[in-house]
Amino acid sequence: MIPIAYPLSLAAILFIIGIIGFLLRKNAIVIFMCLELMFNAANLVFITFSNYYQLIDGQVFVVFVMTVAAAEVAVGLALMVAIFRTKHSIDIDQMNSLKG
Amino acid sequence: MTLNLLLFLALAVIAIASAAGLIMSRNTVYSALFLIINFLTVAVFYLVMGAPFIALAQITVYAGAIMVLFLFVIMMLGAEKPNEIERMKWQRPLAIVLSGAILLEGVYALITRVAVNVTTSPATEALSDPKTLGISLYTKYSLPFEITSVILLVAAIGAVILTNKSRKEAGK
């Protein structure tokens, strides 16, 4: 089988790519997708250690992370639509006032 | 042995390339499609590491439901391309340097947690059976499991209220 450091490094690299995208991009939807990428990397670490310790708990946590990610995407995209309706833009630089 | 390693390396290259494509693509729809490729490759990793239920849940929930929601919103907002011209020039190099530092730290911290020669185990009956997962979810983790139902309810109501209110304001 594969050395355990490989999937862990891959997860770290995916997480960092998510952070880079989060910092550099201005399109709010792309920023959301980078968040999903980071969730995904965290899930990969959970599964790797679940395999390493031969415990099912890691997989249970992945189920919870998926549920919360789904909830987060539903609310986040609803927010995005609401912001687009008032500002007519999803550029993150335009979102600089609390009152729409 | 080596076949598994080859599979992993090939898929890892695809995963990293698709993640890079996600953040570099100018078109939001392409970004979403790159993310789907990434989710599919990570699902194969789950399968290799003996979590078939999670792998299929990943494909149906992430690559299926969540990405359809993303594509739906992208289409609805007209795949708008905000101008990516930086107002602060120093931001981009600083962000790359800082994330490179986090990358080194993250890889170092994760690798030094475990011995270098430790490998993943092949899928065992106890770990890859969805029944084990279900029993653990409904006994040991029953309270968190119930709480997620509340979270989903709040998210559903919140999404409806957010879009409903803005529609009323637009009609005024």
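Asn40(A) lies in helix α2 of chain A, where helices (H or I, at least four residues) and strands (E, at least two) are DSSP runs numbered from the N terminus. The model is a predicted one, in which local features need pLDDT of at least 70 and side-chain atom pairs count only at pLDDT 80 or more, while totals for chains, interfaces and linings use all residues. Residues are numbered from 1 along each chain as its sequence is written, and chains are lettered from A and ligands numbered from 1 in the order in which they are written.

**Surroundings of Asn40(A)**

- Asn40(A) is buried, with 25 other C-beta atoms within 10 Å; a residue is buried if 20 or more other C-beta atoms lie within 10 Å of its own, exposed if 12 or fewer, and partly exposed in between, with C-beta atoms placed from the backbone.
- Leaving aside residues up to four places away in sequence, Asn40(A) touches Leu14(A), Asn38(B), Phe39(B) and Val42(B); two residues are in contact if their C-beta atoms, placed from the backbone, lie within 7 Å.
- Ile20(A) is 20 residues from Asn40(A) in sequence, and the two C-alpha atoms are 15 Å apart in space.

- Helix α2 of chain A covers residues 28-53, and its 26 residues should span 38 Å at 1.5 Å a residue, which agrees with the 38 Å between its end C-alpha atoms; the expected span is 1.5 Å times one less than the number of residues.
- Of the 26 residues of α2(A), 20 are buried, and the helix is thus mostly covered.
- Directly after α2(A) comes Gln54(A), which is placed in the loop between α2 and α3 of chain A.
- The phi of Gln54(A) is near 55 degrees, a positive value in a residue other than glycine.
- Gln54(A) is exposed, with 12 other C-beta atoms within 10 Å.

**Overall form of chain A**

- Chain A has three helices and zero strands, in the order α-α-α from the N terminus on.
- The radius of gyration of chain A is 17 Å, whereas a compact globule of 100 residues would have a value near 13 Å; the radius is taken over C-alpha atoms, and the globule rule is 2.2 Å times the number of residues to the power 0.38.
- The C-alpha trace of chain A spans about 50 × 25 × 15 Å along its principal axes.
- Of the 100 residues in chain A, 55% are buried.
- Among contacts in chain A with a separation of 6 or more, 47% are between residues 24 or more positions apart.

**Contact between the chains**

- Chain A contributes 65 residues to the contact and chain B contributes 72 residues.
- On the side of chain A that touches chain B, α1 (5-24), α2 and α3 each supply at least two residues, and α3(A) gives the most, with 23 residues.
- By class, this side of chain A has 47 nonpolar, twelve polar and six charged residues; Ala, Val, Leu, Ile, Met, Phe, Trp, Tyr, Cys and Pro count as nonpolar, Asp, Glu, Lys and Arg as charged, and the others, Gly among them, as polar.

**Packing of α3(A) against α6(B)**

- Helix α3 (residues 57-87) of chain A packs against helix α6 (residues 130-138) of chain B at an angle of about 70 degrees, with the axes 10 Å apart; axes are lines fitted to C-alpha atoms, for helices over the stretch in contact, and angles run from 0 to 180 degrees between N-to-C directions.
- The two helices, α3(A) and α6(B), are therefore roughly perpendicular to each other (65 to 115 degrees; under 35 is roughly parallel, over 145 roughly antiparallel and the rest oblique).
- From α3(A) the contact is made by Asp57(A), Gln59(A), Val60(A) and Val63(A), and from α6(B) by Leu133(B), Ser136(B) and Leu137(B).
- The contact of α3(A) with α6(B) has four nonpolar, two polar and one charged residues.
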